[in-house]
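Open your viewer and switch to a cartoon view.

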Amino acid sequence: MNLSAELLTQCRNRVAADVASLRISFERSGDGSGLARRRALSVSAGLRELWAAIFPNSESPGITLLATGGFGRNELFPYSDVDVLFLLENDKVAEHYRDAIRTLTQAMWDIGFRASPATRTLKECDRISVDNLEFTIALLDRRFLVGDNSLFQKLAADIMPSLYLREWQTIVQNLVEIARARHKKYGNTIFHLEPNIKECPGGLRDYHVSQWLSLLNRLHDERVWPKPVPSLFYGTHTDLESAYDFLSSTRCFLHYRAGRDENTLDWHGQDEAAALSIGLETTGTSDPAYWMRTYYRQARTIFRRAQLLIDAVPPPRRSFYKALRRKRSPIAGTDFFVEDGRIGLSQGAEVSSAEDMLLVFTHIAQHGHRLSQYAEDRIAEALPVLAVQLPEGPYLWNALRSILLGPSAADALRTMHALGLLELLIPEFHGIDSLVIRDAYHRYTVDEHTFVVIENIHKLRQPHEDWEKRLATLLPEIERLDLFFLALLMHDTGKARRTGDHAIQSVQLCEGLFSRLEFDNEEREAIRKLIRLHLDMSSAMRRDVFDIETIRRFADKVGSPQQLKMLSLMTYADIRAVAPEALTPWKAEQIWQLYISTSNVLDRSIDETRYHVASDPSVLERILVRIPQQADRLQSFLEGLPQRYLQTRLPEQVERHVSMCAAMRQDPVQIAYRTVRHLHEITVITNDRPLLFADMAGALASWGMNIVKADAFANTAGIIVDTFQFTDSYRTIELNPSEMDRFLASLREVIAHQTRLKTLMTARRHQLKRSQSKVNVETRISFDNASSSHSTLLQITTQDTPGLLRQIALCFADEDCNIEVALIDTEGEIAIDVFYLTHNGAKLDETKQRTLSLALMESLAEEPTTA
């Protein structure tokens, strides 16, 4: 049968009017959960109207229409699908109503509903399919709409309780596996620069997983279908429900912003949501960092609840051995116990002692166990009462140090923080709760960053990479590991003040804690100095870490080998905790090299800046073992190279470079390619010439390569060894391996002046266009004539763009400046490039610095050129 065009038009107009009304209401109130309820009611009414036109008998024996999924729980966002189930008594009835079902489904689309229909008989609903568990889960949120109510009652009262009890283990296990797989896809963290607020950990899907597991657990315990819990939308909200409301409002905003079912909170969407104060109780405009801080707090609440419920699900099968392990082990002196790797609390027991609480968290830090939901809830309830009896002085410090020194200290601290206990013990920590450093580089909030820093140090106890193994040797040499970890915990607390030097402010915030812990002056000063200096090693790494003046200045600041060891470990852990990809092997190598060089200075033993065979023949002899027939070539090649070259190259790499140098007789341009983890690396050996560095940078940029690291060396004979590490922005080499030969050939031709660079760059102009940046970086240029005895140090901080390095090198050439050393670094969208420059063999005077600075500022303000 067909519905009349008049009826469809009326329904379509009504739907459009409701949609417009709902949007106006949301823009006025910002109530996302309320909008989702009202839209579900509106759609329900529309479906009943269509049903009445298709089924004249309102009861429609043998068929009923149910709302399922989000629609079933009265949660229908602006562009969400409308999930419905046509429930039929049997196959014969299904055949009878087949055309009517098709008509209704088509009518849903015609009037503006995104229909997602399913058709099942009662018999089909009485079994589950592991391959289609989504349908079984969707039935948990079923709601009667219209049709044969007796059929719905058979499903709800008879079939579903029996099915879900019978298949409880299978359903719950698969639900948990799906949730864990989703969490793994998103890195098991709520911290994403552009989170998907539905699917990411701590998103709306986790909220629903919590609801489903709670319902299934009640069914398992009570053996009858649980009665509906009073609507969370009326009465007092819990933290979980408030988090749901915030995410609901945000999802409505994203849907309206995109005009479709869009759930990714992109960078610019965050700006817009903050400007509208989406999900906040306040009106007007809020700061994007503050708004994202609220998001992370809400996501943390949901993710923690979901994790507790997921962890509580028992494994599918238990061997006899595992059954024995299920025996409860009491935590001495408390009512807590360990069972199956989880810390529980005896039913009816109360958390009446702050000392017991601290013992529990010490146990978590030492053994990695997690709290059960029941135990966590009881601790949270007891905190307001226990807050007045929290210990101070040596007792508190002994408890804190036991937690900090435990291999799972970060997990214990996260739990304490989520419950509010950490802030009760250390109020200074509260200011960085979910504090966002909003740029494209920092992945975590400041509090989570702090926990990851501590986690990174403990992971060095079981190192995997070579550079981890080297740094791990320093850990046993730290004399006061407890003070070191406390400094890590407090090192960024000063960021809460938002202005000034956060390292200095972190030290100031520590003073109250020192008093409460009753530290002596020596303990206080050890922590003060480490926090004050915690950025200095990173700053030194932006200089030439093989320049003797840089190392001496850094050594003067550090002062002692013990301080150097702690600072090296802290810098490693701090950089690695910025984002998963922040610590590259190159940076790890820099940390180690700076540690070794500074340690030599502190021990009053340091090598010369440049290598001369006559002063140190041992290096020559060590490499000659590999190539005894090339003594003269090796000596000529090494003479005058910076020590930095020898300290960053393995003997086999030096051997390869000597061979490349010898091959220059046949081909004056020698190029070697290799991959270094996720980076591509090109090494060029040839005779030095003007604009060589600029031409090489331009050739790479023309192929869409983004240079992230580079260094350049020259020996006494004028042979250069330039190395560039870069990413392949367009995946040209990965997707087209055959292009590698053409890529290398084009580089060789540009360097040899066989192809004009302008021709190559013009042909690939589209790859040099700037894309929209997430963060606007102000260009800063600074000169330093004191850090090096022979060169002027120039640091440029600016927006990372295609062809940037070539633009800079061209300016140097135009101003007749020679690059002695180049240190190229990229952090997210921020380029931090350091050059050691000379002019006519000497440092740049103030006049030359001014003209060069003006030229650079003018060039960097322009689009990349093909000139």
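Helices (H or I, at least four residues) and strands (E, at least two) are DSSP runs, numbered from the N terminus. Axes are lines fitted to C-alpha atoms, for helices over the stretch in contact, and angles run from 0 to 180 degrees between N-to-C directions. This is a predicted model, where local features need pLDDT of at least 70, side-chain atom pairs count only at pLDDT 80 or more, and totals for chains, interfaces and linings use all residues. Residues are numbered from 1 along each chain as its sequence is written, and side-chain values use heavy atoms, with hydrogens and water left out.

**Stop one: two helices**

Select helix 9 (residues 204-222) and helix 12 (residues 288-311). Their axes come within 9 Å and cross at roughly 35 degrees. Now show side chains at the contact (heavy atoms within 4.5 Å). Helix 9 brings residues including Y207 and L213, and helix 12 brings residues including F303 and R305.

Next, find the open sheet of 4 strands, in the order 5-6-7-8 with mixed pairing. Two strands pair if DSSP finds at least two bridges between them. Which strands stand at the edges? Strand 5 (329-330) and strand 8 (370-371) do; each has a single partner strand, so one side of each is left without a neighbour in the sheet. Strand 5 pairs with strand 6 (residues 336-339) in the antiparallel sense, over 2 bridges. Select P330: F337 in strand 6 stands opposite.

**Stop three: a helix on the sheet**
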